[in-house]
Amino acid sequence: MTGAHADQPSHRYRICVRGRLGETICSAFPALQAQASGGDTVLTGPQPDRAALHGVLAQIEALGLELLEVRRLPPA
């Protein structure tokens, strides 16, 4: 990677969506781990930059999922 983004580390995010997602829908988010939390699903994983995060959020919208929360996790 070159340019201004080369020195920026990826951030881990916790993205919560309404309902329990099946394997087929979870496969739309290969870089994220899906885990059921009550009646909802939590997607967790790194995103290299804001564009990637916005791509995930656009995919959630395109699939008609209800976004409940997006949280950047503290560094490990």
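Biologist: How many residues does α2 have, and how far does it reach from its first C-alpha to its last?

Modeller: α2 has 13 residues and reaches 18 Å between those two atoms, close to the 18 Å expected at 1.5 Å a residue. The expected span is 1.5 Å times one less than the number of residues in the helix. Helices are DSSP runs of H or I with at least four residues, strands are runs of E with at least two, and both are numbered from the N terminus. The model is a predicted one, in which local features need pLDDT of at least 70 and side-chain atom pairs count only at pLDDT 80 or more, while totals for chains, interfaces and linings use all residues. Residues are numbered from 1 along each chain as its sequence is written, and side-chain values use heavy atoms, with hydrogens and water left out.

Biologist: In what order do the elements of the chain run from the N terminus on?

Modeller: The order is β-α-β-β-α-β, which amounts to two helices and four strands.

Biologist: How do I read the sides of a helix, and which residues of α2 are buried?

Modeller: Start with the general idea. An α-helix has 3.6 residues a turn, so residues three or four places apart point the same way. Buried means under 20% relative accessible area, exposed means over 50%, and partly exposed lies in between (1.4 Å probe, protein chains only). In α2 the buried residues are Leu53, Val56 and Ile60. Seen down the axis of α2, they fall within an arc of 60°, so they line one face of the helix. The arc is taken over the directions from the helix axis to the C-beta atoms. On the face turned away from that buried side, α2 carries the exposed residues Ala51, Glu61 and Ala62.

Biologist: What do the buried residues of α2 pack against?

Modeller: They pack against β1, β3 (40-47) and β4 (67-72). Packing is read from contacts, meaning heavy atoms within 4.5 Å.

Biologist: What is found at the start of α2, and what just after α2?

Modeller: At the start, a side-chain oxygen of Asp49 comes within 3.2 Å of the backbone nitrogen of Ala51. Just after α2, Gly64 has a positive phi of about 75°.

Biologist: Which residues make up the largest nonpolar core?

Modeller: The general idea comes before the list. In soluble globular proteins, nonpolar side chains tend to be buried together. A nonpolar core is a set of buried Ala, Val, Leu, Ile, Met, Phe, Trp, Tyr and Cys residues joined through side-chain atoms within 4.5 Å. Here the largest one has 12 residues: Tyr13, Ile15, Val17, Leu21, Cys26, Phe29, Leu32, Leu43, Leu53, Val56, Ile60 and Leu65. β1 (11-17) and α2 (50-62) each supply at least two residues of this core. As an example of its packing, Leu43 touches Tyr13, Arg14, Ile15, Phe29, Leu32, Gln33 and Ala34, leaving out residues up to four places away in sequence. Over the chain, buried residues make up 24% of the 76 residues.

Biologist: Is Gly45 buried or exposed?

Modeller: Gly45 is buried, with a relative accessible area of 2%, and its place is in strand β3. Beyond four places in sequence, Gly45 touches His11, Arg12, Tyr13, Ala31 and Leu32.

Biologist: How many salt bridges does the count come to?

Modeller: A salt bridge is a side-chain nitrogen of Lys or Arg within 4 Å of a carboxyl oxygen of Asp or Glu. By this rule the count is three. Arg14 pairs with Glu69, with the closest N and O atoms 2.9 Å apart. That pair links distant parts of the chain, with Arg14 in strand β1 and Glu69 in strand β4, 55 residues apart. Glu69 also forms a salt bridge with Arg71, at 2.4 Å between the closest N and O atoms. Through shared partners, Arg14, Glu69 and Arg71 are joined into one network.

Biologist: Where do Arg18 and Glu66 lie?

Modeller: Their side chains meet in a salt bridge (3.2 Å, N to O). Arg18 lies in the loop between β1 and α1 (23-26) and Glu66 in the loop between α2 and β4, so the pair ties together parts 48 residues apart in sequence. The C-alpha atoms of Arg18 and Glu66 are separated by 5.3 Å. Arg18 is partly exposed at 44% relative accessibility, and Glu66 is partly exposed at 42%.

Key:
Polar contact = N/O pair within 3.5 Å; in protein donor to acceptor, adjacent residues only side chain to side chain.
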